[in-house]
Amino acid sequence: MSVSAQTVAAIPDPLPDRTPRRSSAIRMRALREELAALALAGPATALLLALFILPVVAVFIIALSDWQFGARTLRFVGLANFAEIAGDEGFHASLLNTLLYVLMVVPGTVLSGLGIALAIESGRSLRALYRAIHFLPFMATLAAMAIAWEALLHPTIGPVNQALAGLGLPTANWLRNEATVLPVLAVIGIWQNLGFAMVLFLAGLKSIPQDLYDAAEIDGADGWLDRLRTVTLPMLGPVSLFVVVVVALRAFEVFDTVQILTEGGPGRASEVLLLTLYRESFEFLHAGYGAAVTIVVLAIAVMLTLAQAKLLDRKVHYQ
Amino acid sequence: MSRARSLSRPAAIARHALLLATGAVMLAPFIWMASLSVKPPGEIFRASFSLLPQQWYALENYGKAVTVAPLLRYMANGALVCTAILALQILVCAPCAYALAKMEFRGRGLLFGLVLTGLLLPHQVLALPLFILCYSLGILNSYAALILPFAVSPFGIFLFRQFFKTIPDDIVHAARLDGLSELAIVWRIMLPMAMPAVIAFSIFSVVAHWNDLFWPLIAVKSPNLMPPALGVAIFRGAEAGSDHGPLMAGAVLVVLPLLIAFVAAQRWFIEGLTSASLK
């Protein structure tokens, strides 16, 4: 692939009606650049089509048809698969649990991430260390850390129950109890994502112009709390909204902890959307049902991602 | 720097107290995991709380983790899969990003639209058709099934394109006048100048695939092929909660490589892992 275009085609054709030889030379160059670009972008384009675009189309086809694994033919059945999940208690439970999980993880993560970012930024010592410690869970392998959490939460030998018992407080079999399983999974979710929210808030704090603090000081805001109320929090507004959406997107994709620790149980108390997607598609081999769930997941994720992109744009403009 | 004016003494103490307390909660699972991984079974099931063992049992637990379960094999699989994915992604994405950033061609807008569409899609949504694709290619339960679906990264193309756009056109013109081919410009000029983006993307990609459980669960059944996250999950299922020491040793081994890398290159990790949401 040694296409060496000697000049740039970005130069606009200055006079279209020059001598024929000249314009054909320019056309040759433009053509050569087109060919070079196609050669460079070709593999990525082919793979994007094969691994992203066609699969999405295929999911829609499977969701709208009666196709099963191994079948050579399919018949379009309209919204029958969607009607099936809409009438299925398992799917209702899964959707509701996912929503509850997101509603617990988002405020927990955003508020604690904000609090810790403010605390770190309010002083100068040990900043990097505190930031690293709080960020650690975000990059640690969640499958392995779920096992560590299981040991912490173990009903008899886990230190959580031992500490509670020591304080005379009630203990529980946290992951086997319908009332506690989802909140406990949400705590693990908050623990994992908090550092991520913190880093985004730290970046937001850094971008607040110093002038605003100086101006607030002249206006008589000299306490830490005054500055927080009059400058910091209002200026963090757009960032906060962005963090809410990004964390919601991550929380909504919860899977590893549920798959390893509860498999959706007890009963259906911790069944979530991606677990339903996984089990229906790959354990029970209900392709149509799995595809319909996939479309629901896709719709929610696309909405959140578009909101995220929009908020990011706005944040950039405000700066 | 007057927004972080020196705090009064009580305020400074309160700050450290708060951050040490929350920090302890963040570290608790890591510490407990490490503690159990060096304790003998008798001490694990003892009611009294202690972090350090009375009798060190590390050799036995870690020995069991790498013999009873092929933990080292899982980690080698992880290294192989992550390296192959990253190499393919850079090989495929960088030339495409260069074409998008610096060249004129028909369909450029359309191609960029494809990239943005790819960015919108969570990978789990593609699992069902990718499973069918791998099945029809006959590569299910092989390294290829773990690698191929990630051969192109829309995020990689996007990130490299953004970075390449900031490199002045004059540099590209000069390279062309020197007779460099377009591909040579990508490898010898653009990528070296875009090193920060390359490092951030590499960390993002390796962390994502070392930690991934969802796709490996679908793609491979043979323990010989399992990457670390799936391997340790299977190990837990096999142990069924009876043999805590070796299981915790296994979990420590899976977490450790990224942990060490994180401590060594904290800033790069934070940048690499947050860049994906700032796209």
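Let's start at B:Cys96. Leaving aside its neighbours within four places in sequence, B:Cys96 is in contact with A:Leu40, A:Ala41, A:Ala44 and B:Ile157. Contact here means that the C-beta atoms of two residues, placed from the backbone, lie within 7 Å.

B:Cys96 also belongs to the largest nonpolar core, which has 184 residues. Such a core is a set of buried Ala, Val, Leu, Ile, Met, Phe, Trp, Tyr and Cys residues joined through C-beta atoms within 7 Å. Buried means 20 or more other C-beta atoms within 10 Å of a residue's own; exposed means 12 or fewer; partly exposed is in between, and the C-beta atoms are placed from the backbone. Which residues touch the most other members? They are A:Phe201, B:Cys93, B:Cys96, B:Ala97, B:Phe160 and B:Ala251. As background, nonpolar side chains tend to be buried together in soluble globular proteins.

A word on what you are looking at. This is a predicted model, where local features need pLDDT of at least 70, side-chain atom pairs count only at pLDDT 80 or more, and totals for chains, interfaces and linings use all residues. Residues are numbered from 1 along each chain as its sequence is written, while chains are lettered from A and ligands numbered from 1 in the order in which they are written.

How confident is the predictor? pLDDT is its confidence in each residue, from 0 to 100. Chain A has a mean pLDDT of 87, and 91% of its residues reach 70 or more. Residues 1-18 of chain A are below 50, yet this stretch has 30 contacts in the model beyond near neighbours in sequence. Where pLDDT is low, the predicted coordinates should not be read in detail.

Now the contact between the chains. Chain A gives 87 residues and chain B gives 86. On the chain A side, the largest share is 20 residues from helix α1, residues 20-63. Helices are DSSP runs of H or I with at least four residues, strands are runs of E with at least two, and both are numbered from the N terminus. By class, the chain A side has 65 nonpolar, 16 polar and six charged residues. Nonpolar covers Ala, Val, Leu, Ile, Met, Phe, Trp, Tyr, Cys and Pro; charged covers Asp, Glu, Lys and Arg; the others, Gly among them, are polar.

Next, domains. Their bounds come from an automatic or database domain assignment. Chain A has domain 1 (1-63) and domain 2 (80-318). Their C-alpha centres are 42 Å apart. Four residues of domain 1 of chain A are in contact with seven of domain 2 of chain A. On the domain 1 side, four are nonpolar, with no polar and no charged residues.

Chain B has domain 1 (2-66) and domain 2 (72-278). Here the C-alpha centres lie 32 Å apart. In chain B, 14 residues of domain 1 are in contact with ten of domain 2. Helix α3 of chain B gives the most to the domain 1 side, five residues. That side divides into ten nonpolar, two polar and two charged residues.

On to single residues. Take A:Leu202, in helix α7 (residues 181-206) of chain A. Is A:Leu202 buried or exposed? A:Leu202 is buried, because 20 other C-beta atoms lie within 10 Å. Beyond four places in sequence, A:Leu202 is in contact with A:Ala117, A:Ile120, A:Glu121 and A:Arg131. A:Ile188 is 14 residues away along the chain, and 22 Å away between C-alpha atoms.

Now B:Asn211, in helix α11 (residues 195-211) of chain B. B:Asn211 has 23 other C-beta atoms within 10 Å, so it is buried. Leaving aside neighbours within four places in sequence, its contacts are A:Thr141, A:Leu142 and B:Ala229. B:Asn211 and B:Ala229 are 18 residues apart in sequence, but 5.6 Å apart C-alpha to C-alpha.

Last, some backbone details. A:Leu126 is not a glycine, yet its phi is positive, near 60 degrees. A:Leu126 is found in the loop between α3 (89-122) and α4 (127-139) of chain A. With 16 other C-beta atoms within 10 Å, A:Leu126 is partly exposed. B:Asn141 also has a positive phi, about 60 degrees, and is not a glycine. Its place is the loop between α6 (127-136) and α7 (143-147) of chain B. Finally, a cis peptide bond joins A:Gly265 and A:Pro266, with omega about -5 degrees. A:Pro266 is in the loop between α11 (256-262) and α12 (273-283) of chain A.

Note on methods: pLDDT = per-residue confidence, 0-100.
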